[in-house]
Amino acid sequence: MPTLTQEAIATKKKKEIKLVGVDIYIITDKGIPKFADGEFGPFKCEFISNRGTKVWPGFVSPDLLMVNWYRCRFMATRDVQDADVNAFLDALTRRGWWWSAAQKLWNYDGEAGYSKAY
C-alpha cells in the first residue's frame, strides 16, 4: 500500500471545509412537499427534485411525479454546524415529515463539493 512521504504530508494543501446546507430525502404520498415560507431555522429550501428532475420551484408536469420520494435541498442562511443539522432533522420529524436520508453539503476552499444541477 503506498504511503505519503513526510515531504508530501508537509506540502499537502489544506482545504477550508465549510458546511453550507443539507439535502433531505423525504417520502410522502401528498405530492411535492410544501414548507411554510421554506425556512427551518438557519436553513431555507432552495429546490425540490423527484428522480433527478426539479419539481419546485416552477412548473412541473404531473407525469414527472411517479415516485413519492423527493430530494429537498436546504441551504444555510448563516454559518451552521453539525448541531444545526441535527436540530433541523428533529424539527422536520416533529412536523411529521418522514425522511429517509440526509446528505450534508460542503464547500471546499469556497467551491461547492456537491452537484449544482439546477
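## Basis of the description

Buried denotes a relative accessible area under 20%, exposed over 50%, and partly exposed in between, with a 1.4 Å probe and protein chains only. Cys72, with a relative accessible area of 0%, is therefore buried.

The model is predicted: local features need pLDDT of at least 70, side-chain atom pairs count only at pLDDT 80 or more, and totals for chains, interfaces and linings use all residues. Residues are numbered from 1 along each chain as its sequence is written, and side-chain values use heavy atoms, with hydrogens and water left out.

## Overall architecture

The protein contains two helices and seven strands, where helices (H or I, at least four residues) and strands (E, at least two) are DSSP runs numbered from the N terminus. Along the sequence these elements follow the pattern α-β-β-β-β-β-α-β-β.

The radius of gyration is 18 Å, whereas a compact globule of 118 residues would have a value near 13 Å. This quantity is taken over C-alpha atoms, and the globule rule is 2.2 Å times the number of residues to the power 0.38. Along the principal axes, the C-alpha atoms fill a box of roughly 55 × 30 × 25 Å.

## Surface, burial and charge

Of the 118 residues, 35% count as buried. The protein exposes about 8,000 Å², of which carbon and sulfur atoms supply 54%; accessible areas come from the Shrake-Rupley method with a 1.4 Å probe, and for residues only the protein chains shown count as cover.

There are 17 positive and 14 negative side chains, and the centres of the two sets lie 2 Å apart. Lys and Arg count as positive and Asp and Glu as negative, while His and the chain ends are not counted. The place of each charge is taken as NZ of Lys, CZ of Arg, CG of Asp or CD of Glu.

## Aromatic cluster

A pair of aromatic rings is described by the distance of the centres and the angle of the planes. Rings of Phe, Tyr and Trp (its six-membered ring) pair if their centres lie within 6.5 Å; planes under 30 degrees apart count as stacked, over 60 as edge-to-face and the rest as tilted. By this rule there are five aromatic pairs. In the pair formed by Phe43 and Phe88, the ring centres are 4.9 Å apart and the planes stand at 35 degrees, so the pair is tilted. Because Phe43 belongs to strand β3 (residues 43-50) and Phe88 to helix α2 (residues 82-94), the pair ties together parts that are 45 residues apart in sequence.

Both partners lie below the burial cut-off: Phe43 is buried at 0% relative accessibility, and Phe88 is buried at 3%. Ring pairs link Phe35, Phe43, Phe74, Phe88 and Trp97 into a cluster.

Contact means heavy atoms within 4.5 Å. Of the contacts with a separation of 6 or more, 73% are between residues 24 or more positions apart.

Cys72 lies in strand β5. Leaving aside neighbours within four places in sequence, Cys72 is in contact with Val22, Asp23, Ile24, Ile26, Pro33, Phe35, Phe47 and Ile48. The C-alpha atoms of Cys72 and Leu105, which are 33 residues apart along the chain, are separated by 12 Å.

Glu16 occupies the loop between α1 (6-11) and β1 (17-27) and is exposed, with a relative accessible area of 52%. With neighbours within four places in sequence set aside, Glu16 is in contact with Asn107, Tyr108 and Asp109. Glu16 and Gly110 are 94 residues apart in sequence, and their C-alpha atoms are 7.5 Å apart in space.

## Backbone features in the loops

A cis peptide bond joins Trp56 and Pro57, with omega about 0 degrees. Pro57 is placed in the loop between β4 (53-56) and β5 (69-76).

Arg51, although not a glycine, has a positive phi of about 55 degrees. Arg51 is found in the loop between β3 and β4 and is partly exposed at 48% relative accessibility. Asp109, likewise a residue other than glycine, has a positive phi near 50 degrees. Asp109 lies in the loop between β6 (98-108) and β7 (111-112) and is partly exposed at 32% relative accessibility. Gly41, in the loop between β2 (39-40) and β3, is exposed at 61% relative accessibility. Gly41 and Asp84 are 43 residues apart in sequence and 8.3 Å apart in space, C-alpha to C-alpha.
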